[in-house]
Amino acid sequence: MAKVSIIIPTYKGENNVLIAVRSAIQQKGDNSIEVIVVDDNGIGTEHQIATEKVLKELIDNNCIKYIKHEKNINGSAARNTGFKECTGEFIAFLDDDDYLFP
């Protein structure tokens with residue numbers, strides 16, 4: 001089965017991002033889903049700290065790749081960061097306030 005990388009950029013999305021991430025992880029496939037969250041809040045900001053806290057268990061259990069931008073540089077840059085880090089044959093982008101149906 002082909003691997004799919006789902007890239008989720010987030011900015012001030014700590015209240016919604018967990019729903020988006022869980023919906024991506026729960027897609028069908030035998031380890032064929034790679035979820036990459038790119039935090040574009042800026043390291044050490046209130047929103048970055050909150051986002052990392054919300055995702056901590058998934059980060060610690062290596063369920064997702066979590067990448068932090070040093071500073072906010074915009075959503076398209078966050079998508080490009082995720083693209084550079086992905087390993088899937090197919091790539092999907094998911095906003096932090098959206099979710100995927102199974």
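Student: How far apart are the end C-alpha atoms of helix 2?
Tutor: The end C-alpha atoms of helix 2 (residues 46-60) are 20 Å apart, which agrees with the 21 Å that its 15 residues should span at 1.5 Å a residue. The expected span is 1.5 Å times one less than the number of residues, and helices (H or I, at least four residues) and strands (E, at least two) are DSSP runs, numbered from the N terminus. This is a predicted model, in which local features need pLDDT of at least 70, side-chain atom pairs count only at pLDDT 80 or more, and totals for chains, interfaces and linings use all residues. Residues are numbered from 1 along each chain as its sequence is written, and side-chain values use heavy atoms, with hydrogens and water left out.

Student: And which residues of helix 2 are buried?
Tutor: Gln48, Thr51, Leu55, Leu58 and Ile59 are the buried ones, where buried means under 20% relative accessible area, exposed over 50%, and partly exposed in between (1.4 Å probe, protein chains only).

Student: What covers them?
Tutor: The cover includes strand 1 (4-10), helix 1 (17-25), strand 2 (33-39) and strand 3 (65-68), with contact meaning heavy atoms within 4.5 Å.

Student: New topic: is glutamine 26 buried or exposed?
Tutor: Glutamine 26, which sits in the loop between helix 1 and strand 2, is exposed, because its relative accessible area is 59%.

Student: What about isoleucine 19, buried or exposed?
Tutor: Isoleucine 19, a residue of helix 1, counts as exposed because its relative accessibility is 52%.
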